[in-house]
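Let's take a friendly walk through this structure, from a helix to a core and on to a pocket. Have the sequence and the 3D view at hand as you read.

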Amino acid sequence: MTDALRVGNCSGFYGDRISAMREMLEGGPLDVLTGDYLAELTMLILGRDKAKDPTLGYAKTFLRQLEECLGLAIDKGVQIVSNAGGQNPAGLAAAIHDLSERLGLGATVAYVDGDDVTARAADLGLPESLAANAYLGAFGIAEGVRSGANVVISGRVTDASVIIGPAIARFGWGREDYDALAGATVAGHIIECGTQATGGNFAFFTEIADLLHPGFPIAEIRADGSSVITKHPGTAGAVTVDTVTAQLLYEIGAQRYYGPDVTTRLDSIRLSQEGPDRVLVDGITGEAPPATLKVSCNALGGYRNQVAMVLTGLDIDAKADLARRGFEQALKTQPAQLDWELTKTAVADADTEEGASAKLIVTARDKDPKVVGRAFSNAGVEIALASYPGFHSMTPPADATAYGVFTPGFIPQESVEHRVTLPDGTQQSIDAPGSYLTETAIDVPAIAPAPGGETVRAPLGRVAGARSGDKGGSANIGLWARDDAGFSWLASTLTTDKVRELLPEAADLTIHRTVFPNLRAVNFLIEDLLGEGVAYQARFDPQAKGLGEWLRSRYLDIPRSLLPQEGH
């Protein structure tokens, strides 16, 4: 073992590249291989799986990966740590044990649970839920790693905890080693989304020579919590200050990044290119954790259905109005919620029919599946010959489908029974931190004056990168500039009012803006843009994945001095 703990990642979500576990194990030396399989939507999916079959509720693809790779991991001395236990870590642990016996490997398994508070939701002041899971910290995982288990799995922990836990076990950090814990949190946040740190979903993707099969990231974590982000040699993609910055800005809020073990000051992070595909992450400070744990409350919100109609050629608005009035009149029962969205993509004098067409989508939601079932979609059929010229639909008549709603909750840290079951069957309780954060004001950083001179009307993306995503019913957009002058202009120009102007659907929503000078970045958190969460599907892009790219495509008056020169 080296002085640094070498932690690789092989999954950023449930459904990620299934060959990645083998690729990471065969690609070079590792101490630990982690995988993140959980998201708010995933917890709802797994909750429904467990409701149908109590033996399920975990990420089944993880078990398929282990069938191929568990023996290889044991041979190489690599511990596997994952939150693939989802809603049923004990069930997954039993399945891994059976798999190991069948393969003759004798693997040992530890698992962490206690996050499931569904049965106690009412007593804890939480809404009634199909699944209510608290975000646990990393100290239970650390005990599992310290036991020497070949595989350590958990239920709902913070995404970074599967990386923090092995570092706690290696370096013996205690509850008040805040800077070290914060450093490992940042390393975990960077690598837990897999190839998003190595060029995937990267704003300047055209600058990366090979992005067809990018390598998964590795964090070399040091005893002080600093780390180097890298990847296996010879793999595609890239690890640069820009790719790491992009991932740091993913799904964040303000300067304080709250976790169950530590509050990480994101405004303290420093990044520097240490060498090819090696980025040093240091300077990170931590504070005591908050006194509460966040809880992911997922419930079935009702049923939904959707009809999409195509409008072609002239008089698009008039055609949409006629379709809407005719459709609503054809409905036998009005749904509880009916939303209309007209997307005008048609261009004048188009040389293709598709180029001359727009799309009109009507979405219905109701508690009664019959109201938004075939009776709803049949309304689109009924008016087919009695509406605007050229009427046709992109969606055949269909039954309603259930949708979920996400509600965040907060409960005292002491109210969960965080525990780890070790390979010998003994259980160990994990105490709550005990010392908690006292909020203090954070100074607003001074920003250098923006460059002046001649301006050019150009897309924001010519001078700024972006990464966006979902945070419950809200969305975040993190933007960064690539030099100091660009950052001064970005921070001075991109106010909350400017974002409302550029993103009209956010015009009436609350927007929080945070500036991160160390990262040359500005982050915006837009409340309620995603309605009641991803499963609610409130908008065209329900997870806000493309929101940052839309913002980058909007035109502003940009100083000519900031724009890349031709050929660069």
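## Helix 7

In this predicted model, helix 7 is made of 14 residues and spans 20 Å from its first C-alpha to its last, close to the 20 Å expected at 1.5 Å a residue.

Buried here means under 20% relative accessible area. Because 13 of the 14 residues of helix 7 are buried, this helix is largely enclosed by the rest of the structure.

## The largest nonpolar core

In soluble globular proteins, nonpolar side chains tend to be buried together. Here, the largest nonpolar core holds 74 residues, and the members that touch the most others are Ile-190, Ile-269, Val-281 and Ile-411. Helix 7, covering residues 178-191, contributes the most to this core, with 9 residues.

Setting aside neighbours within four places in sequence, Ile-411 is in contact with Val-117, Leu-124, Leu-126, Ala-134, Ala-291, Thr-292, Leu-293, Val-295 and Val-416.

## The second largest pocket

Two or more lining residues come from each of strand 14 (292-312), strand 15 (337-343), strand 16 (357-366) and helix 13 (547-552).

Which strand gives the most to the lining of this pocket? That is strand 16, with 6 residues. By residue type, the lining of the second largest pocket divides into 13 nonpolar, 8 polar and 9 charged residues.

Terms used. Residues numbered from 1 in each chain as written. Predicted model: local features only at pLDDT ≥ 70, side-chain atom pairs only at ≥ 80, totals over all residues. Heavy atoms only, no water. Core = buried A, V, L, I, M, F, W, Y, C linked by side-chain atoms within 4.5 Å. Buried < 20%, exposed > 50% of the residue type's maximum accessible area, 1.4 Å probe, protein only. Helix = DSSP H or I, 4+ residues; strand = E, 2+ residues; numbered from the N terminus. Contact = heavy atoms within 4.5 Å. Nonpolar A, V, L, I, M, F, W, Y, C, P; charged D, E, K, R; others polar. Expected span 1.5 Å × (residues − 1).
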